Each structure stands twice: as structure tokens, then as C-alpha cells.
Amino acid sequence: MDLTLKIWRQKNAEDKGGIVDYKVTEISDHMSFLEMMDVLNEQLINTGEEPVAFDHDCREGICGSCSLHINGEPHGPDSGTTTCQLHMRRFNDGDEIYIEPFRAKAFPVIKDLIVDRTSFDRIQHAGAYISVNTSGNTQDANSIPIPKADADMAFDAATCIGCGACVASCKNASAMLFVSAKISQFALLPQGKVEAAERAKNMVTQMDLEGFGNCTNTGACEVECPKGISLENIARMNREYLSASLTTAE
Amino acid sequence: MANFKLDAKVPEGPLADKWTSYKDKINLVNPANKRSIDVIVVGTGLAGGSAAATLAELGYNVKAFCYQDSPRRAHSIAAQGGINAAKNYQGDGDSNYRLFYDTVKGGDYRSREANVHRLAEVSGNIIDQCVAQGVPFARDYGGLLDNRSFGGVLVSRTFYAKGQTGQQLLLGAYSAMNRQIARGKIQMYNRHEMLDLVIVGGKARGIIARNLITGEIERHSAHAVVIASGGYGNVYFLSTNAMGSNVTAGWKIHKKGAFFANPCYTQIHPTCIPRSGDYQSKLTLMSESLRNDGRIWVPKNMDDVMAIREGRLKPTEIAEENRDYYLERRYPAFGNLVPRDVASRAAKERCDAGYGVNKTGEAVYLDFKAAIERYGKEQAMIHGLKDASLEKIIDLGTEVIRSKYGNLFQMYEKIVDEDPYTTPMMIYPATHYTMGGIWVDYNLMTTIPGCYAIGEANFSDHGANRLGASALMQGLADGYFVLPYTIGHYLSDDIRTGPIPTDSPEFEAAENSVKEKLDFFVNNKGTHSVDYYHKKLGKIMWDKVGMARSKEGLTEAIAEIKAIRKDFWKNVSVPGDSNDLNPELEKATRVADFLELGELFAKDALERNESCGGHFREDYQTEDGEALRDDVNYAYVAAWEYKGEPSDAVLHKEELEFKDIELKTRSYK
Ligand SMILES: Cc1cc2nc3c(=O)[nH]c(=O)nc-3n(C[C@H](O)[C@H](O)[C@H](O)COP(=O)(O)OP(=O)(O)OC[C@H]3O[C@@H](n4cnc5c(N)ncnc54)[C@H](O)[C@@H]3O)c2cc1C
Ligand code: SF4
Ligand code: FES
């Protein structure tokens, strides 16, 4: 396949940035999208140009590093797929492909296609944990049976990879899906219930502080989420948040 | 260090009591004094993350570093299959002793008994800890934890969260870190790479790190430095490791005096998606837990092999009697569940003999048909469907398989573009895990006082081969339950030291040497990319230092790696600047270290005239192709001391004693 790539280049956070055209040839349809990007970068290095910077690490769809906006969609055209798991067989010879960074006020561009997603970390510092010491003096793991259905639901929420596609796909740049997944995981487990209300309140407050937009229930996040995190989590989070605002004194 | 004597510092006394009595006797640091002690942790995977959280919780000031943008993205996140623990929840006869025994045997009797026993002892605690943190392990319908089994053992002791166990455990450790970050007890340095260790007065007192966004070179001091930087499998270029996994932290401390142990022990994992072309950037693992339900085979007849390769025949069309379930044939006791080294070599043996089933001839089948039907029948029974049709049975069985391994099957389908529920998967061995690493004593301290190494970065618990689901166990054991004790013993001497200044000549010198290297790269303006060299190195490593090694091959490899290294330092090209985010520069510093490690790796393999675990020397095998170990001459840990060029490295031996386990030929027949 021969392709024309229209890639966002931006030297640093201050630089204005813009789209630059590149051509790649003889792309095999077995390649992953990122391997295609490797081919481009090798080409650029060989001509002494700076390669395109993009985030990636595991290339197995699990670390959440990769984050390209491809033809207007975070992680590209396939549903339930991260950029690193997207394959070139999804494209056709002669295609023009737009490749841009995830865009949101709370995800400033660092360079080219790399954005700063540490706002997600700060939301988690605000309460995404169970306050238990790591001393090893905890009770036996089987002392609290957990209904399989609850455990499975908690697991489903816990599979969020923190990629930020939900934010990038949302017209309000809301982080509700991400935050609700985390809150749900803990709220569904007996171990996490104790501080559920407090947690919801603190995480939501931090989310707002980071400059994420509000959720207006458009559902684009769920559609673009590579891990199929469900909107039900947002409903659950709202319940937790509401009960937190009702029960805790401000 | 000519007369340096390696001292493993294993406590006296009966094996089963060593750890308990050791803990009773060590020095403790008063909580008030912990506040005046700083610890640097390099790496925030399972090992580093759990260590950072626990040390901070104890009261030390922790500075943690990782090259990713968040600790949650460390390579540990990718671990699929599960984590072992001797809980005996299944009542199938498991115990601390049995876990200890399986691990020592599985490691081909090349690990340190006392360490492994301690690992088994704390394993149960790990599960309790993780559950308390909210790790959503798989559960059965009664609400209790579920288990499965892994290669090399006969009990079900593996705890799991679908095929995403590493993710869930890492998020658990990360959440514990978050709690300490919020309290201000951990200062987290994301997108920072450690590029050198600073030693002051003979003790590790800090590191030089590069801020990967601004390119700034920073000095960080502490009373102790913990290296938790993971494994070095990427020396092969292609491996199942994350793209950024590297040996740099380990190699830098090696150059400053930490011995590097058993570099040649590498695990080649039997169930990976085969390579399909030259452009490939990495290999993808299909968890070994699949071998619980999948049967491995190749066609018996060469005609069928040819027909398959040419696309004239489908694997599903080959009759049962024309299939060679070679693991079940060769190893009736363990069958498809033999350990990884055995399964990998058996696949290579069949493919070398010409029975590989894909275009490159490097693939065997992993077939779920029998399991789907078996589970389907069971489900039909449970649901009272007496006369269920085959179709219905297959549907029901497929659902069971989907709930167990769904994400793995999905991953396979994405990459290969074939549906593994209806046609057997193709798999082939790939580099996966490195059992070798920085030498540490029982306290997990390296040969540099005050410098520790934990998790995959150290050499300690797995011997020549690692059984499945035990790397996660080791990483968390080290971080949550071992290091916090042992490091306290060391730091108890440091309560009056006060903060370590960073304006000393030692920091100055280390910073300058780092800057010099970086400047060299961006100014060199050579002709070849970093990947060009990395791929060349990887090919030699795979061909000559891979699944099977020989004296001739290793000798050639050493000479070839030297030549590549020379060329690299002359002709490498790194575009961009050093005071900017520059992924090529990051790669360059990592590959520079791989080019040295690669040679030591081959040298170590050449020195070890035996076959054991992941180290298979073609010149040392039994008549039926099994590994031929030599306990008389090689029951030792090879710990290499840096002396300049890798070829000058000096070998120190830690003799291994097996007092509680009899050294036996490892048989899985
Ligand atoms: C695909 C796959 C599946 C696996 N499945 C299993 C399984 O089912 N069960 C099991 O037990 N094991 C499994 N393993 C093995 C296991 O995941 C690893 O051995 C283990 O996670 C290593 O943990 P770690 O904490 O030692 O290192 P890592 O998780 O690799 O962490 C390394 C850390 O060091 C940091 N780092 C590295 N170099 C530097 C530097 N110079 N400066 C700053 N930071 C640095 C990184 O940023 C990272 O934070 C699997 C491995 C792979 C690849
Ligand atoms: S909810 Fe989905 S899209 Fe959002 S961060 Fe998590 S995995 Fe990514
Ligand atoms: S690179 Fe890890 S999810 Fe894509």
C-alpha cells in the first residue's frame, strides 16, 4: 500500500503546530499502525529529519500509552481497539490518513502527537485507592466472599487503561467515563465501600479542577473506549457522588 | 576487588525458620528517624511500585522514577496469566514447601534455596494484600477466589484476573502509591530516566536522571538506591517486552561495581504469536494459561504440512490420527503443561524437523476444540440439556472459553486476522523474561553497599528457568514484604547522616559523563538509525544466543557483537537535540547498553558448559534431546564483575548449596 499521511507536527507546548504531509510506500497489511509509523520514522531519520514523536510502549493494547487521533477518531476506525492493535489491513492503497494528538484542554500537547495526561494521575491521587496498609497483616483473602457478579462488574470497570480516548472523543472533553470506571471498581467491592462516598467526592472535585468539561450524556466516550467501559459506570458514579454530597458535611 | 568474596548473607538455621528469625533480629529504624531518610526507587512496575508504596508508608521519603508518563504504564501491566501463591484453597495438596520445591526444580536447581523458600512463605500474604487493595481476582460462584494451573506444576495455585492479571496487580500497587503520593511521602518523577548511579564514600548515594520532556540532567540524592527497572529481554530486539524495556539502570550500576549474574538465563516463552515479517517491532504473548485448555500439535505427515502452508488444507480438516500431539507424546505426566523451556524446545524441534505450519515454518497449533466440546458438555449437563446438539454444545463451550481467555482470543484475532474459536491458534516461542540480572544477596542488596535490586532486574529466585506466574509473585514479594525489612537494617546506620548533598565531586563527575554521552549522540551525524543496530544485534542474539547455543555459535556471536558495537559508536545517527523530548536519543542510550550486555550474555553462555533451563547448549544434551545438566561443575551462580570491555569481565562464583532438596534430573515424563 502507498499512503499519504497528514501528521500534526508541533515542536513543543509553546509552538503553534500544523499538519505536514508525508508519503509512505510498500506498507504491508499485516503491519500494525504503529509499525507503519516506525517505517515513516526510519525514512525521516535516514534523511536527517526529526522523526514524529508519539507515545507507545506495550504495543499489546494494555498500557494505555498509545493515543493517536486517526481520521478524527481516537485510536482510529476499529471499535474496541487501541492504536497499537490497529492493523493496516483496515486501510486501502492510496488512502490519505490524518494523524493528530488527542485534544483536550486538560491534555496539553508536549510534542507532535504526545500529550500530557498526568491530570488523570492527579485525579487518582485524590482518592483512587483503598486506605489499607501494605504491611501484609491483612485478613485472609477468602474471609469476605464476593458475589461473582459483583466481582465481574468490578473487574470490567477496572480494565480501563487510562488512555484518555473518552476525553478526546467527547465534545465537552469530559473525563467522566474514566473517573467513573475507577470509582465503580472500588464501590462495587466490599473492601472499597467504606470510603466510597468520600472517594467519589474527592475525585470528582479534582476532575473539575483539572479543567475537564461536563458530561452531557452524548455517549461518544463509550463508543470510542477501546476497553468497552460502560456508561453504567457514570450512572453509578453519580449515585455515589450524590450520596456523598447528601451525607458529608461541607 | 581481586580477592572479593561473594557473600550471599543467608542466615543460619533451618530453612523454614530463616526468614522469621532473621526478621526478629534485624535492626529497626525508629519512625521519627525514618522521616530523615531518603530512598530512591528506580522503576515503578510491580516491584518498584510496591516497594515505593511500602517504604513511604513506613515513613521514609521516597523519590520514585519511571520513564513512562505514569507508573500505571510500567511493563508489568502487560502480564496476562496470573500470580502464584501457596494458599491450598483448592485442597489439592499445595503448601509452602511444594511451591518452594516446584520453583527450585523448575529453575533447574540454579537458584538460591533460602530466597525461594522465603518467596513461598510470603506468597499467601500477597494475595491477601491485593484483595484488601481491591484487586478484582476471578471468583467462583460461591464468591471465593478461583485458581488455575500453569506449566510445570500439578496443583492449581495461580490466582488470576482473566488474562489481565498484571494490569490489576499493578493498578493495586499504583493505588497504594497514589495514597502515598497524596500524603506527600512519594515524590513521583514520571518521564525521567536514570542514566547513572552516584557512589559517595563507597555507598550508593544518588542517581543522575534525565527529564525526558525538557532534556534537563538532574541530580537526585538519597541514603539508598533501589533498582526495580525490569528485565532486559529487548536485547533480542524482538521480544514480548514493552518497547521501552531496557537494561540501562542495571548496566550502569554494573559499571559502577554491581556484579551481573547469569546474564545468559533467558526465558523463551512457548506460546507467542509467530513472527510474520521483517517490519515487525515486537512479539505478542498468548498467556501460557491457554495450555490448560489448548492442545498443542503439528501434522504427522509432511504432505499435510505442505498442503497447509500452501493453503490447500485447513488444520480443522486434518483427522485426529494424523495429528502429532508431541508434548502429550513425549511427556505423558505433564503433557501440554510441561515447563516453558521444555515446551519451547519441543516446538523448535518439530519446526526444525520441517513440521512448522505457517509460511516461515515457525509455528505450531494450539487447539481449543477438545476443550470447547468438553466444557460445552459440562454446561449442557448443568443446564439440564440432555440432548443438546453438537452446535449447542460448541456454543456453550465457546462461552466458557470466552469468559476465561476472551481478551487473549480477541488480541490474537486482531493480529492474525483469524478466529481462534473456530480454527487453532498458531504459536511459536519468543524471548520473554530474563532470569539473569543484577546479583543480590539475601537482603536484595547488590555488591554496592546501599544499592538494592528487586523484581525482574535482579537474578535471585528463578534459577535457570522461571515457572509461569512466579515473576509477579517475586516482584510483589520483594517490594511489599522483603525489601522493607532488609533495607531498614541497612538504613539504621544512617539516621544521623542528614541529607546527602548533590554538589559533591562524585555527582559532578557522574553528571558530566552522562552529558558527554548524550552530546556525542546528537552531534555524531552518522549514517544509520539506532534501530538498524538494534535489529542487527537482535538477529545475532536470536540466531546464536537464542533457544539453542553452541560453542562455535557463541564464539562467533561475541566477535560479531563487538564489531556492531564499534560500528555503532562510529556511525550511529540520532536526529534532534538533547535538550528536548527526543525518543531517538532515549533509544540510543538504551541500545548502547544492550550492545555491551549482549556480549557479556554470550560470554556467560559460552562459559557454562552444560544445559539447564533456558540455557540450552546443543553440545550438552542427552540422546533423546533433553537438557544435560552438570551439577558437579556448574551448580553456581555466575556473577560478573565489570572491568572495562565485556570481554574483560571477571567471573565470581556463588556456589549453590542444596540442603533441603535433592538435586535430581528434571523430568516431566
Ligand atoms: C506479555 C507478558 C506477560 C507476562 N505474564 C506474566 C504472568 O502471567 N505471570 C507472571 O508472573 N509474570 C508474567 N510476566 C512477567 C512479568 O510481567 C514481569 O517479569 C514483571 O512484571 C516485571 O516487573 P518489574 O517490576 O520487575 O519490572 P517492570 O514492570 O518492567 O517495571 C520496570 C520499571 O522500571 C522503569 N525503568 C526502567 N528503566 C528505567 C530507567 N533507566 N530509569 C527510570 N525508570 C526506568 C520503567 O519505567 C518501569 O516503571 C509477563 C511478561 C510479559 C512481557
Ligand atoms: S474509559 Fe476507556 S477511553 Fe477512557 S481512559 Fe478508560 S479505557 Fe480509555
Ligand atoms: S502501546 Fe500500550 S496500549 Fe498501545
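How many residue pairs are in polar contact between domain 1 of chain B and domain 2 of chain B? In this predicted model, the count between these two domains is three residue pairs, with both residues at pLDDT 80 or more.

- The domain assignment divides chain B into domain 1, covering 271-430, and domain 2, covering 511-633, and the contact draws 10 residues from domain 1 of chain B and 11 residues from domain 2 of chain B.
- The C-alpha centres of the two domains of chain B are 33 Å apart, while the area buried between them comes to about 750 Å², with 56% of it on carbon and sulfur atoms.

**Charged pairing and the side of domain 1**
- One salt bridge is counted between domain 1 and domain 2 of chain B; E626(B) and R330(B) form a salt bridge in which the closest N and O atoms are 3.1 Å apart.
- On the side of domain 1 of chain B that touches domain 2 of chain B, at least two residues each come from helix 10 (340-352) and strand 15 (425-434) of chain B, and helix 10 of chain B gives the largest share, four residues.
- By class, that side of domain 1 of chain B consists of four nonpolar, one polar and five charged residues.

**The surroundings of ligand 2**
- Ligand 2 is surrounded by 13 residues, of which the closest are C160(A), C163(A), G164(A), C166(A) and C225(A), and helix 4 (165-169) and helix 5 (176-188) of chain A are the elements that give two or more residues to this shell.
- The shell around ligand 2 is made up of 11 nonpolar and two polar residues, with no charged residues.

Notes:
Residues are numbered from 1 along each chain as its sequence is written. Chains are lettered from A and ligands numbered from 1 in the order in which they are written. This is a predicted model: local features need pLDDT of at least 70, side-chain atom pairs count only at pLDDT 80 or more; totals for chains, interfaces and linings use all residues. Side-chain values use heavy atoms; hydrogens and water are left out. A residue is near a molecule or strand if one of its heavy atoms lies within 4 Å of it. Ala, Val, Leu, Ile, Met, Phe, Trp, Tyr, Cys and Pro count as nonpolar, Asp, Glu, Lys and Arg as charged, and the others, Gly among them, as polar. Domain bounds come from an automatic or database domain assignment. Contact means heavy atoms within 4.5 Å. Buried area is the accessible area (1.4 Å probe) that two parts lose on being put together, summed over both. A salt bridge is a side-chain nitrogen of Lys or Arg within 4 Å of a carboxyl oxygen of Asp or Glu. A polar contact is a pair of N or O atoms within 3.5 Å; within protein, one must be able to donate a hydrogen and the other to accept it, and residues adjacent in sequence count only if both atoms are side-chain atoms.
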